[in-house]
Amino acid sequence: MASNLRPVLAYIVIYVKDVAKSVTFYEKAFGFSVRRLDKSHRWGELESGQSTIAFTPLHQHETDEVTGSVQTAAGSHGERQPVEVCFAFSDVDAAYKKAIENGAVSVSEPEEKEWGQKVGYVRDINGIVVRMGSHVQSPKHD
């Protein structure tokens, strides 16, 4: 008997200091379309395919008491947020350049990796590491 409990990833929620600023940054730096930014600026969504990328404030009275407060990295050298966002691009060099021109901070310029993918890293305006990589090809079978 097949299980109907297979999940579908619906949302990735990123907790940020400023929802409107973060939505605008992702729109300009990475080319996403804004699906929704509510009037209170406490919820924003990007068009990103099957799963939605959403933004919400770091602290909310609706959820902090239920799920706990959001913990962020101290920001000292060598520390980063406990999440990495990964986007695939057909032209990683152009995407990386666009991200930098729109406020992303360079971490590592795009380079070819031994597994055949071109990858570069930036930090968004919230300090979150964003991996920008080429599409990974499925292994070929003989």
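Residues are numbered from 1 along each chain as its sequence is written, and side-chain values use heavy atoms, with hydrogens and water left out. Because the model is predicted, local features need pLDDT of at least 70 and side-chain atom pairs count only at pLDDT 80 or more, while totals for chains, interfaces and linings use all residues. The predictor's confidence in each residue is given as pLDDT, from 0 to 100. For the protein chain the mean pLDDT is 87, and 83% of the residues reach 70 or more. Confidence is lowest in helix H2 (residues 64-67), with a mean of 69, and highest in helix H3 (residues 92-101), at 98. Where pLDDT is low, the predicted coordinates should not be read in detail.

The secondary structure of the protein chain comprises three helices and eight strands. Helices (H or I, at least four residues) and strands (E, at least two) are DSSP runs, numbered from the N terminus. In order from the N terminus, the elements run β-α-β-β-β-α-β-α-β-β-β. Of the 142 residues of the protein chain, 34% count as buried, where buried means under 20% relative accessible area, exposed over 50% and partly exposed in between (1.4 Å probe, protein chains only).

Four strands form an open sheet in the order S1-S4-S3-S2, with mixed pairing; two strands pair if DSSP finds at least two bridges between them. Strand S1 (11-16) and strand S2 (33-37) stand at the edges with a single partner strand each, so one side of each has no neighbour in the sheet. From one strand to the next the twist averages 25°. Six bridges join S1 and strand S4 (residues 52-57) in the parallel sense, and the bridge partner of Val-13 in S4 is Ala-54. Helix H1 lies across S1, S2, strand S3 (44-47) and S4, and runs at about 150° to S4. Axes are lines fitted to C-alpha atoms, for helices over the stretch in contact (heavy atoms within 4.5 Å), and angles run from 0 to 180 degrees between N-to-C directions.

The largest nonpolar core has 24 residues. Such a core is a set of buried Ala, Val, Leu, Ile, Met, Phe, Trp, Tyr and Cys residues joined through side-chain atoms within 4.5 Å. Residues with the most contacts inside this core are Ile-14, Tyr-26, Phe-30, Phe-55, Phe-87, Val-130 and Met-132. At least two core residues come from each of S1, H1, S4, S5, H3 and strand S8 (129-133); H1 supplies the largest share, six residues.

A search of the whole structure finds eight aromatic pairs. Rings of Phe, Tyr and Trp (its six-membered ring) pair if their centres lie within 6.5 Å; planes under 30 degrees apart count as stacked, over 60 as edge-to-face and the rest as tilted. The ring centres of Tyr-26 and Phe-87 are 6.3 Å apart and the planes stand at 85°, so this pair is edge-to-face. Tyr-26 belongs to helix H1 (residues 19-30) and Phe-87 to strand S5 (residues 84-88), 61 residues apart. Both are buried, Tyr-26 with a relative accessible area of 0% and Phe-87 with 10%. Phe-87 also forms a tilted pair with Phe-30, at 5.3 Å centre to centre and 55° between the planes. Phe-30 lies in H1 and Phe-87 in S5, so the pair ties together parts 57 residues apart in sequence. Phe-30 is buried, with a relative accessible area of 7%. One aromatic cluster is formed by Phe-25, Tyr-26, Phe-30, Phe-32, Phe-55 and Phe-87.
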